[in-house]
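Dear colleague,

I am passing on the structure below, together with notes on what a look through it turned up. Please read the notes alongside the coordinates.

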Amino acid sequence: MIPKVFREVIDLGDGRTISIETGKLAKQAHGSVVVQSGNCMLLCTVVSNYKQSDVDFLPLTVDYREKFAASGRYPGGFFKREARPSDGEVLVMRLVDRVLRPLFPADYHAETQVMIQLMSHDENVMPDAMAGLAASAAIQLSDFPFECAISEARVGRVNGEFIINPTRAQLLESDLDIMVGASVDSVMMVEGEMHEISEEEMTEAIKFAHDAIKIQCEAQIRLAEAFGKKPTREYEPEPTNEDLEKKVRALTYDKVYAVARAASAKHDRTAAFDAIKEEVKASFTEEELAEYGGMVSKYYYQAEKDAVRDLTLNEGLRLDGRKTDEIRPIWCEIDYLPSTHGSSIFTRGETQALATVTLGTSREANQIDMPSFEGEERFYLHYNFPPFSTGEARPIRGTSRREVGHGNLAQRALKNMIPADCPYTVRVVSEVLESNGSSSMATVCSATMALMDAGVQLKKPVSGIAMGLISDAESGKYAVLSDILGDEDHLGDMDFKVTGTADGITACQMDIKVKGLSYEILVNALKQAREGRLHILGKLIETIATPNADVKAHAPKMITRVIPNEFIGALIGPGGKVIQELQKATKTTIVINEDPITEEGIVEILGTNQEGIDAVLTKIDSLLFKPTVGGSYIVKVIKMLDFGAVVEYADAPGNEVLLHVSELAWERTENVSDVVNMGDVFEVKYFGVDPKTRKEKVSRKALLEKPEGYVARPPRESNDRDRNGGRDSRGGSRDSRGGSRDNSRRDDRRDDRKPREDKKED
């Protein structure tokens with residue numbers, strides 16, 4: 001018997017709907033929903049242990065997976081089974097996690113797992129836009145201590161009109177792609193890419209998404225009420241001690257404030273804060289620390305946070321002595337690494353990124369193989385964050401989710417500035433060598449310079465800046481911080497990163513930690529970010545104002561040539577023999593793709609030696625060479641045969657044709673070598689395809705003056721052998737060039753040796 005199903009439908013306003021359903025699947029989970037739009041279906045389940053974990057944070061795991069069966073496909077690989085998550089799946093996990101995590105109580109430490117699975121795919125629905133909705137709806141059906149319903153929505157804009165959750169086809173025409181996470185009251189997360197839009201346009205897009213999210217949150221609440229809202233579970237909260245809190249604050253606040261005001265460097269400041277903390281611990285007995293040590297640390301960090309925030313709000317000063325809108329000192333350098341195709345160093349304060357650029361053919365494109373999307377990236381960026389960049393020693397266990405997310409943000413910031421006609425596949429790698437505040441924005445800046453150093457013709461240079469916010473709800477005071485430090489990231493109420501050109505925003509990522517942030521503050525923060533971006537952009541332009549006109553001498557040059565489909569096979573050769581020998585001889589890399597629309601061949605030639613590239617182009621030109629009937633061409637003898645000479649066109653080396661012995665001269669020719677020899681160069685006339693032999697015909701004698709008194713021989717009478725097509729009709733034999741030997745011409749030569757009464761002596 002099918003259990004009772006509860007369902008809510010959300011109208012997207014343009015004929016599309018999203019439904020949220022529960023009661024049928026995964027009933028042993030603490031909450032489960034199926035979210036559906038079109039044929040796209042997501043199953044989300046949530047479970048949280050009833051016992052608190054022995055940690056001082058929320059052990060929340062958000063897992064998003066796309067099943068290949070959802071789109072009727074098999075996973076790649078030997079085992080034909082879904083394995084580790086793809087970068088695309090990791091990015092969705094991060095989007096959902098960043099909105100959910102702040103809404104759990106600070107002292108809730110139970111192991112919690114949110115699992116979202118794509119069970120059915122619809123090519124017109126992008127599932128990542130519904131993942132946040134699914135996660136929140138499942139939590140609303142549980143007994144978790146969770147603050148309020150949230151949702152996420154994607155915004156696109158086509159022809160000036162905003163669209164909620166656009167299709168992938170609509171996104172191709174859209175000038176922005178923003179994902180917004182919010183509750184009914186507050187925007188909490190924004191991430192996306194844009195085509196140089198203004199701060200006001202970005203704010204309008206966020207508002208548009210927020211209006212749609214409010215409707216989705218209300219639908220979740222209705223579903224939970226219909227299903228039967230569970231009472232919030234009780235859990236053991238962290239112990240508190242007001243007297244202890246007051247004592248720690250009294251011992252630390254003023255000292256921390258003084259250190260914060262001293263404008264010290266990161267490691268000096270950290271050492272000073274650690275010394276204060278040790279002094280506090282020394283004021284307690286070992287027995288007291290054994291019992292209250294955890295609370296002492298917690299209260300110390302709270303006092304430190306309050307002191308740093310108060311310094312900024314009261315005096316407009318920051319940990320390193322800067323004013324709120326001041327950017328740290330910047331120095332840049334390009335062409336630092338001699339063997340890379342492009343390189344640069346960007347250093348801002350205590351943050352440093354070294355970027356490299358590698359140029360390749362379409363063969364090096366990044367292949368994306370997900371159930372919801374198949375394609376490739378001709379421009380991609382990888383970000384590495386080694387532990388030494390923060391002075392730490394820890395094991396490296398593969399690429400972290402943070403590295404995937406930061407690299408993706410920098411890639412989105414730059415990708416629309418890569419020209420559409422860039423012939424290369426471009427890979428950028430950012431190595432973060434020092435970090436104290438926004439290494440992802442340093443990556444954008446270093447990547448911009450490295451691309452220009454490599455000769456990639458960027459449309460415009462791009463810079464990025466990380467901003468922060470400190471606010472006090474009671475007093476109404478707030479301070480927007482430009483170019484935040486790592487400590488300010490942790491202590492602030494908002495962390496947002498903005499990238500762009502001089503003409504507009506290209507990407508952003510925001511995490512807003514306070515409720516009810518006004519759009520007025522958001523706009524002011526974005527405008528202050530623009531001033532900082534332009535300042536940083538000026539430093540980049542001082543280092544390299546425009547892209548280098550050409551790639552470096554040791555970097556590969558790329559030439560693209562389009563050839564008709566029928567010539568692709570000739571260029572490749574049997575078993576790839578021709579193209580392999582050509583690559584070896586010219587020391588180039590040749591890649592041939594077929595245009596899916598025109599079916600023409602797109603030939604990519606990559607090489608460091610221009611002579612080698614020119615040799616490949618010459619070969620292609622020779623393949624494409626088509627002589628005109630009646631035209632005259634210079635040829636060279638490359639092979640001598642009994643019945644003629646094989647010649648190649650001077651304008652198309654490798655393009656050969658047989659010059660028959662009968663077309664060498666007007667006089668009777670006994671031996672080919674009597675008229676021409678190997679290496680001889682002369683002119684011939686092209687007659688097209690001979691209807692009799694079905695082969696191309698050229699003639700030397702046609703360009704020679706006819707001897708005086710010459711009388712042409714009458715046509716030979718046909719016989720049964722001729723009517724049957726001679727030996728050629730039975731397949732004939734093969735000549736030395738692999739073609740069918742012209743046996744009828746051999747018969748002509750035998751006839752020439754018979755006495756002819758009608759032919760005068762020469």
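Helix 4 lies across strand 7, strand 8, strand 9 (176–183), strand 10 (187–197) and strand 21 (504–512), and it runs at about 135 degrees to strand 7. Here contact means heavy atoms within 4.5 Å, axes are lines fitted to C-alpha atoms (for helices over the stretch in contact), and angles run from 0 to 180 degrees between N-to-C directions. Helices (H or I, at least four residues) and strands (E, at least two) are DSSP runs, numbered from the N terminus.

Before going further, please note that this is a predicted model, in which local features need pLDDT of at least 70 and side-chain atom pairs count only at pLDDT 80 or more, while totals for chains, interfaces and linings use all residues. Residues are numbered from 1 along each chain as its sequence is written, and side-chain values use heavy atoms, with hydrogens and water left out.

The sheet that contains these strands is an open one of eight strands, in the order 8-7-9-10-21-20-18-19, with antiparallel pairing; two strands pair if DSSP finds at least two bridges between them. Its edges are strand 8 (161–164) and strand 19 (478–482), each of which pairs on one side only, and neighbouring strands are turned by 20 degrees against each other on average, direction ignored. Within this sheet, strand 18 (residues 463–471) and strand 20 (residues 494–501) pair in the antiparallel sense over seven bridges, with Gly-468 standing opposite Asp-495 in strand 20. Helix 7 (residues 286–315) lies across strand 18 and strand 19, running at about 95 degrees to strand 18.

Elsewhere, strand 5 pairs with strand 6 (residues 110–120) in the parallel sense over seven bridges, and Glu-66 has Leu-118 as its bridge partner in strand 6. From strand 5 the chain crosses through helix 1 (residues 87–100) to strand 6, and this β-α-β crossover is left-handed; the convention is that a crossover is right-handed if, with the strands pointing away from the viewer, the path from the first strand over the helix to the second runs clockwise. Five of the seven residues of strand 5 (residues 60–66) are buried, so this strand is largely enclosed by the rest of the structure. Buried means under 20% relative accessible area, exposed over 50%, and partly exposed in between (1.4 Å probe, protein chains only).

A search of the whole structure finds twelve aromatic pairs, where rings of Phe, Tyr and Trp (its six-membered ring) pair if their centres lie within 6.5 Å, and planes under 30 degrees apart count as stacked, over 60 as edge-to-face and the rest as tilted. One of the pairs is Phe-6 with Phe-227, whose ring centres are 5.5 Å apart and whose planes stand at 85 degrees, so the pair is edge-to-face. This pair links distant parts of the chain, since Phe-6 is in strand 1 (residues 6–11) and Phe-227 in helix 4 (residues 199–227), 221 residues apart. Phe-6 counts as buried at 17% relative accessibility, whereas Phe-227, at 32%, counts as partly exposed. Phe-104 and Phe-146 form another edge-to-face pair, with centres 5.0 Å apart and planes at 70 degrees; both residues are buried, and together with Tyr-108 and Tyr-235 they form one aromatic cluster.

Lastly, Thr-448 lies in helix 9 (residues 439–453) and counts as buried at 0% relative accessibility. Not counting residues up to four places away in sequence, Thr-448 touches Leu-414, Leu-458, Pro-461, Val-462 and Leu-540.

With best regards
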